[in-house]
Amino acid sequence: MNRRLVLWAVAGTVALLAAGLVGVLVGPVRLGPGAVVREMLDRLPLIRVHSGLDEREATILWQLRVPRVVLGGLVGATLAVCGAAYQGVFRNPLADPYTLGAAAGAGLGATIAIAYLPRVTSSPVGILPLAAFTGALLAVAAAYVLGRSAGGGRTATTLILAGVAVASFLTAMQTYVQQGESDTLREVYSWILGRLTTAGWSDVLLLLPYTVLSGAAILVHRRLLDVMRVGEEEAQALGVEVRRVRLLVVVAASLGTAAAVAVSGLIAFVGIIVPHAIRLTAGASYRLVLPLSLLFGGAFLVLADVLARRVAAPSEVPIGVVTAFFGAPFFGVVLWTSRKAAW
């Protein structure tokens, strides 16, 4: 297992670096691959290499393209590992980072911010991401409270049904707000379809702590998620505190999801495509699936963003449309084969 994990980790790292290089090379201003590589090497300690980029090109690279690629990598890694965590803790192959209503809560929060709240440009954290983050967390909290009150929080199915109920209610509220403020529809849908900003490093610095904290908390529980694959009663008989593990993993995954959604909007299917592709190729153990989801999730979303920028250039397709284009057929395949898989 350790050797296999190392080999796959190397492959994932190579994929992430290759995707990142492609991401920084693609754009309306052509930057030579050799010059970009030399410029990056020049930023490393004890290495001095003349890249050949002028000041304008270096600014484009470091203030626009690299932050966007890093943000895409962080968002993809977060959504992928959170999706894998939800699938493990709920023992449901179709669970994703939005299972407990995080998407609906974030959508309502963002809609309220766009429709009613003033734009505070001097704030280090914009009103829109803060509202989306708060809405996502409140939705997950409401789903968990409802699930516990309905079934004592004893079964994963109860929590999923509670998430469906909360998501439906919040989506109805969002629709009501949109109908009352129809002049904001375009901006709301632009956010809902997902986007990666090119405003610099602020969103990267905002998301990074949540990715690290949620990813670390989820990885700590990877062996327990493997035990829970056999069933809740069996896991409890083996000494696993199922309810405690579920609560901790759900909190960690929801926190990471809320942060990712706050800076990127709603990007669907990443949490389904990446973990399942890893299961099909590397194996179903969460000791493999979780760390590899971080690497390949980041690589996947960076490449999806490249497609979003190039497929209709010079205009840009929302990245959520790109992930849905690949994710919807993949979702159908997973749905068709899920009854044969052991989760």
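Modeller: pLDDT is the predictor's confidence in each residue, from 0 to 100. The structure above is a predicted model.

Biologist: What pLDDT does the chain average?

Modeller: Of the residues in this predicted chain, 94% score at least 70. The average pLDDT over the chain is 88.

Biologist: In which helix is confidence highest, and in which is it lowest?

Modeller: Helix H13, residues 286–310, has the highest confidence, at a mean of 96. The lowest confidence, at a mean of 83, falls in residues 319–337, which form helix H14.

Biologist: Which element gives the most to the lining of the largest pocket?

Modeller: This pocket has a volume of about 470 Å³, and 19 residues line it. Two or more lining residues come from each of helix H1 (2–25), helix H2 (33–42), helix H3 (55–90) and H13. With seven residues, the element that gives the most is H3.

Biologist: How many charged residues are in the lining of the largest pocket?

Modeller: Nearest the pocket centre lie Leu-16, Leu-17, Gly-20, Leu-21 and Val-69. By class, the lining holds 16 nonpolar and three polar residues. The number of charged residues in the lining is none.

Biologist: Is Gln-178 buried or exposed?

Modeller: Gln-178 is placed in helix H6, residues 156–180. Leaving aside residues up to four places away in sequence, Gln-178 touches Thr-111, Leu-185, Val-188 and Tyr-189. Buried means under 20% relative accessible area. Because its relative accessibility is 5%, Gln-178 counts as buried.

Technical notes
Residues are numbered from 1 along each chain as its sequence is written. This is a predicted model: local features need pLDDT of at least 70, side-chain atom pairs count only at pLDDT 80 or more; totals for chains, interfaces and linings use all residues. Side-chain values use heavy atoms; hydrogens and water are left out. Helices (H or I, at least four residues) and strands (E, at least two) are DSSP runs, numbered from the N terminus. On a 1 Å grid over the protein atoms alone, a cavity is a set of points where a 1.4 Å probe fits but cannot get out, and a pocket is an open set with protein on both sides within 12 Å along at least five of seven lines; lining residues have an atom within 4 Å of a point. Grid points are joined across faces, edges and corners, and a volume is the space filled by probe spheres set on the points. Ala, Val, Leu, Ile, Met, Phe, Trp, Tyr, Cys and Pro count as nonpolar, Asp, Glu, Lys and Arg as charged, and the others, Gly among them, as polar. Buried means under 20% relative accessible area, exposed over 50%, partly exposed in between (1.4 Å probe, protein chains only). Contact means heavy atoms within 4.5 Å.
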